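Subject: A structure for you to explore

Hello,

Here is the structure I promised to pass on to you. Please open it next to this email and follow along as you read.

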Amino acid sequence: QLQLVESGGGLVQPGGSLRLSCEASGFTFDYYFVGWFRQAPGKGREGISCISSNGWGTNYAESVKDRFTISRDSNKRTVYLQMNSLKSEDTAVYYCAAARRTVYDSACGTSWTYDSWGQGTQVTVSS
């Protein structure tokens, strides 16, 4: 099973930016698609973005579209989530997750089954 470690969270003012990283270890990363999820206090988990195994396919939730950008560097076994124009409602614990596909392609979905999860990183947007 893939091991995932998130980093890059912290406290930021509204309108600011953060970049989260999700570093993978344990297995060959190439055939894995990766998603970012978040959970705010008292709320359920929300899938906000995903990137395909080949890095060419991405999806975003409406709540973060045009503000967040997901990318991957397979050489570094890392997926990034660039978060711009942050709002107080973006405050949450952010998790990355991954699952292996049998094909190397451009598909991903945050509603798909993920079997490897990181421990989460806290993002707080507040003045």
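Let's begin at tyrosine 94. Leaving out residues up to four places away in sequence, tyrosine 94 touches Glu6, Leu20, Trp36, Phe37, Arg38, Ile48, Phe68, Leu81, Met83, Gly120, Thr121 and Val123. Please keep in mind that you are looking at a predicted model.

Several of those names come back in the nonpolar core. The largest core has 28 residues, and Trp36, Phe68, Val79, Leu81, Met83 and Tyr94 are the ones that touch the most other members. Two or more residues of this core come from each of β3, β4 (32-39), β5, β7, β8, β9 and β11 (121-125). Another core lies apart from it, with 7 residues that include Phe37, Ala97, Ala99 and Tyr114.

Now for the chain as a whole. How many helices and strands does the protein chain have? There are 0 helices and 11 strands. The radius of gyration is 14 Å, close to the 14 Å that the globule rule gives for 127 residues, so the chain is as compact as a globular protein of that length. Along the principal axes, the C-alpha atoms fill a box of roughly 45 × 25 × 25 Å. Of the 127 residues, 45% are buried. If you take the contacts with a separation of 6 or more, 63% of them are between residues 24 or more positions apart.

Next, have a look at one of the sheets. Here 4 strands form an open sheet in the order β1-β3-β8-β7, with antiparallel pairing. As a reminder from class, strands of a sheet pair through backbone hydrogen bonds, either parallel or antiparallel.

Within this sheet, zoom in on β3 (residues 18-25) and β8 (residues 78-83), which run antiparallel and are joined by 6 bridges. Serine 21 belongs to β3, and it stands opposite tyrosine 80 in β8. Is serine 21 buried or exposed? Its relative accessibility is 15%, and buried means under 20%, so serine 21 counts as buried. Apart from neighbours within four places in sequence, serine 21 is in contact with Val5, Glu6, Ser7, Trp36, Thr78, Val79 and Tyr80.

Finally, the disulfides. The structure holds 2 of them, and counting bonded cysteines along the chain gives the pattern 1-3, 2-4.

- Cysteine 22 is joined to cysteine 96, with 2.1 Å from S to S. The torsion about this S-S bond is about 70°, so the disulfide is right-handed. The pair links distant parts of the chain, since cysteine 22 sits in β3 and cysteine 96 in β9 (residues 92-100), 74 residues apart. Cysteine 22 is buried at 1% relative accessibility, and cysteine 96 is buried at 0%.
- Cysteine 50 is joined to cysteine 108, also with 2.1 Å from S to S. This link is right-handed, with 75° about the S-S bond. Cysteine 50 lies in β5 (residues 45-51) and cysteine 108 in the loop between β9 and β10 (116-117), 58 residues apart.

Enjoy exploring!

Best wishes

Key. Residues numbered from 1 in each chain as written. Predicted model: local features only at pLDDT ≥ 70, side-chain atom pairs only at ≥ 80, totals over all residues. Heavy atoms only, no water. Pairing = 2+ DSSP bridges. Buried < 20%, exposed > 50% of the residue type's maximum accessible area, 1.4 Å probe, protein only. Contact = heavy atoms within 4.5 Å. Disulfide = S-S within 2.5 Å. Core = buried A, V, L, I, M, F, W, Y, C linked by side-chain atoms within 4.5 Å. Rg over C-alpha atoms; globule rule 2.2 N^0.38 Å.
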